[in-house]
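Here's a walk through one protein model, from charged pairs to sheets and helices. Have the structure open as you read.

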Amino acid sequence: MKLDFKSEKYRGLTEEDAAQKIQTEGYNELPSSKPRSLFTIGFEVIKEPMFLLLVASGSLYLILGDVQEGIMLLCFVFVIMGIEFYQEKKTENALNALKDMASPRALVIRDGVERRIPGREVVTGDIFVLQEGDRVPADAVVLYSVNLLADESLLTGESVPVRKSEYDDSNNQIDNDNSHTQKDSEHKNIENNNIVHNNIVHNNIVHNNLKNQPGGDDLPFVYSGSMIVQGNGVLKATATGINTEIGKIGKALDEVEEEPTRLKKEMGLLVRRLAFIGIFLCVLLVVVYTITRGDLLNGFLAGITLAMAMLPEEFPVVLTVFLAIGAWRMSKLQVLTRKPAAVETLGSATVLCTDKTGTLTQNKMAVTTLYNGTAFHDVVKTGKFPEPFHEIIEFGVLSSQINPFDPMEKAIKEMENDYLLNTEHIHTDWQMVKEYPLSKKMLAMSRVFTNTGNAAKSAHGIKEQTIAAKGAPEAIFDLCHLSEATQEKYAEATARMAASGLRVLGVAKSTIKESPFIKKKLSTINEKPLSENDKTLPENEEVLPENDKTLFENKKALSENKNTLYQNKKALPENEATLPGDQHEFNFKFVGLIGLSDPIRENVPQAVKECYQAGIRVIMITGDYPVTAQNIAGDIGLKHHNRSITGDELRSMSEESLCDQIKDVNLFARVAPEQKLKIVNSLRKNGEVVAMTGDGVNDAPALKAADIGIAMGEKGTDVARESSSLVLMDDNFASIVRAIRMGRRIFDNLQKALGYIFAIHVPIAGLSLMPIFFKDLPLILWPVHIVFLELIIDPACSIIFEAEQEESNVMSRPPRQINEPFFGIDKIMMSCTQGLCVLVVVLLVYALGLYSGYAEREVRALTFTTLIASNIAVILSNRSWTMNIFQILMTPNRTVKWVVGGAIFFLTLSLNVPFLLDLFKFERINFFEALLCTAAGSLTIIWFEIYKCFRLKKIWGFKA
């Protein structure tokens, strides 16, 4: 690119101006969510009722002088807080590690000097240079370009790059609300100063223009975050940061309010209710204890013990640990859990809304079909490539860049590598002489090659030149000067390929002869610079046009019709002097058509099938055209793929109409970002639990509004990831299905864990309450016993349930109903029934111990041993709600032996070590007594095992 960056047109801002703009406009970056501080996390833990109860209980023990129990209870406070801190920081650190795509670097022109700076330092008014492979750092207008193509799929959802043209105010490419006088003044400035954009145009025009939207060919705008796939250009930044198209979507995110997950709301309500009941009974117990026994401080301890027993204090621990381990298991499936609570919601998803580009497809082009003028050929990687179609790829490669960045040219090059290596169709020794670029007037490009091989020379010493062209089929037909009948025939073939959702390119070829006489003549004038539009100069022509006496160093030449500067001596290659100035002057011959598509991921059809088996509806939302979308939908097995709603139709629909039609429409095409949000909201209004996948900035509002937002980790944007609940690390659609399977497993196992917690708290509460109302009965449980259960049994049991394998029907049953509570009254009653059975058995042991004349400490030891045995039995029985206890014991779960073994070990220590005997207020019991207590505890699950055989199998979709 030969441009004079010291000219007024391309000089750019000064460093002082840029620094001032950063002060006033801010850096070129989007605001991102910040991790919660340690103070915020700590405050949320402090608000938990269980935290307050433990602090109160520990403080009372310290007041009473029982330092050991007080310290033990207060230590448990820090255990809960530590778990919360660990999980929060672990999640945020994983996200920070995922953000490997930092702000793109930008090549800007400051004070006429090219400088590469971080993209975040680009300001409005900056002149910057873009080439193939560059990511656009800011919204900008094109001042100068050569074959500039941009991939705007992150904003539009379309994988096909769009052409960019230079800004030309005389063609009314940009409209604004300024007066005609102001416009005339601007035109005058442009003519006099050769400046495309003055400050008024920059500030008032570009973003008031309805045409300034992503997508569409031949617009003079590029957008932050898009990728340059071909060509190069010089551009002027018009918007940065939150004022870009990406930023506008960011503003929409702020308007989307995130709601707590259903599990969090439900558990919060349940804990509040239990806390209210616990506080009421706690006050009642303190009053009764004080009246009957005359000891206020011990009455407070008894009351707190009851409150701790009534409140499932394991809830914050179990939910945190359970979801943290679930998030870790998800990460092994290449799914990063940004919001652990969403793991539960994923298992109950009823609708999966997915973007097409990069999610269902590979976001790259591949040659699918070829047409050589007489026949079609469907490309199959493992099959043969017939010789009659070789020439299409041969000339398709010749008309492409040597090392292409454009996805279509990459696909053609890949065909060459797959099928044409070591054949006569490879021409690495040919020298390119001239390139005719793509333009608005001619949607085709041609490249001229000199055949350097000896075989290309005739007996008279004339060397042959080959011209390869590719472009829009209509443009290729025009270049080939086809007859009307032939053109209709090829147009039908083009329509057939387009109807299959393919992007169609035409390919043509031509040959010319070059004479050595012309080459010799050219050598006498090769020192003379040539004008842009007159490639052949007479020998005696003046270096500069007569009417332009401007002096340029090193004999720089100025073309007659365009102020293009040549910094060095500019002479055309020898062979180029004989070439025409327009592609039309070649005698082209039609070679064939190339049909390209964005291929679907290989495992997507199976993943969609599994979704349907699991009762999950799949909806495809894309910015692509309906024909392409319908073909992709058919290939992946989407139901009702022939019926679709376009963005234009969606725009005119009322909310009620959309809610009605969306019940059986699974395909939305040509959809704008705000419409995706409208679709998600309509589905949620219909009572669906919506999971939304996406990778682009345009998906971010819908990702945030959905019940579960699933962003792409590899090709996705930071904005999408910040707005999502889950991030697919490998961008694999099949990973979503694995995540749903894991989510359902976690959902089931979490229900089992919560059911167990309810069941075991019933006997704990009963044993804490019953002796209070009888003055002569000794108290069974004190806070230290409850802490024993919490620290050793309950958190560990949640680990057992989390590690349980999924039920065999986990992906063959429909999701739970939207109005079905996560842990409703039926499950609560079931768990309470289990707990009542345990309470009855434990109270019988307690009563028999007193009746048999055992001392208070011995009775407490017998009763507590029976409670622990019952606890272990309930754990084992609840591991599966479809298998019996014998099948469960045969099912491997490595955590069981550690948890159960640890519980038995510590119970044994507490019954034998003098220090622990005194701490727990126990007396030693013999082996036979311990065995009887174990047998009694095991009897508590017999009724539940019978119930599973006749009832739960039907509920879970099994035959009895």
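Is E945 buried or exposed? With 11% relative accessibility, E945 counts as buried (under 20% relative accessible area is buried, over 50% exposed, in between partly exposed, using a 1.4 Å probe and protein chains only).

## Before we dig in

This is a predicted model, so local features need pLDDT of at least 70 and side-chain atom pairs count only at pLDDT 80 or more, while totals for chains, interfaces and linings use all residues. Residues are numbered from 1 along each chain as its sequence is written, and side-chain values use heavy atoms, with hydrogens and water left out.

## Salt bridges

Back to E945: its partner in a salt bridge is K948, with 3.0 Å between the closest N and O atoms. (A salt bridge here is a side-chain nitrogen of Lys or Arg within 4 Å of a carboxyl oxygen of Asp or Glu.) The two sit three residues apart in helix α34 (residues 942-955), so about one helical turn separates them. K948 is buried too, at 2% relative accessible area. Helices are DSSP runs of H or I with at least four residues, strands are runs of E with at least two, and both are numbered from the N terminus.

Searching the whole structure turns up 21 salt bridges. One of them joins the side chains of E15 and R115 at 2.3 Å, N to O. That pair links distant parts of the chain, 100 residues apart: E15 is in helix α1 (residues 15-25) and R115 is in strand β2 (residues 113-118). E15 is partly exposed at 27% relative accessibility, and R115 is partly exposed at 34%. Both belong to a salt-bridge network that also takes in R110 and D126.

Then there's E409 with K470, a salt bridge of 2.9 Å, N to O. Because E409 lies in helix α15 (residues 407-420) and K470 in strand β14 (residues 463-471), this pair ties together parts 61 residues apart in sequence. Both E409 and K470 are buried.

## An open sheet

Eight strands make an open sheet with mixed pairing, in the order β8-β22-β21-β20-β9-β17-β19-β18. (Two strands pair if DSSP finds at least two bridges between them.) The edges are β8 (335-337) and β18 (645-646); each has a single partner strand, so one side of each has no neighbour in the sheet.

Inside the sheet, β21 (residues 708-712) and β22 (residues 726-728) pair in the parallel sense over three bridges. M712 has L728 of β22 as its bridge partner.

## Around F477

F477 sits in helix α16 (residues 473-480) and is buried, at 3% relative accessibility. Beyond its neighbours within four places in sequence, F477 is in contact (heavy atoms within 4.5 Å) with several residues, among them Y490, F590 and L593.

## Two helices side by side

Helix α29 (residues 856-878) packs against helix α31 (residues 894-910) at about 175°, their axes 11 Å apart. (Axes are lines fitted to C-alpha atoms, for helices over the stretch in contact, and angles run from 0 to 180 degrees between N-to-C directions.) That makes the two roughly antiparallel, the label for angles over 145 degrees.

On the α29 side, the contact is made by F864, T865, I868, I872 and L876; α31 brings V896, V900, A903, I904 and L907. These residues divide into nine nonpolar, one polar and no charged. Here Ala, Val, Leu, Ile, Met, Phe, Trp, Tyr, Cys and Pro count as nonpolar, Asp, Glu, Lys and Arg as charged, and the others, Gly among them, as polar.

Key
Parallel < 35°, antiparallel > 145°, perpendicular 65-115°, else oblique.
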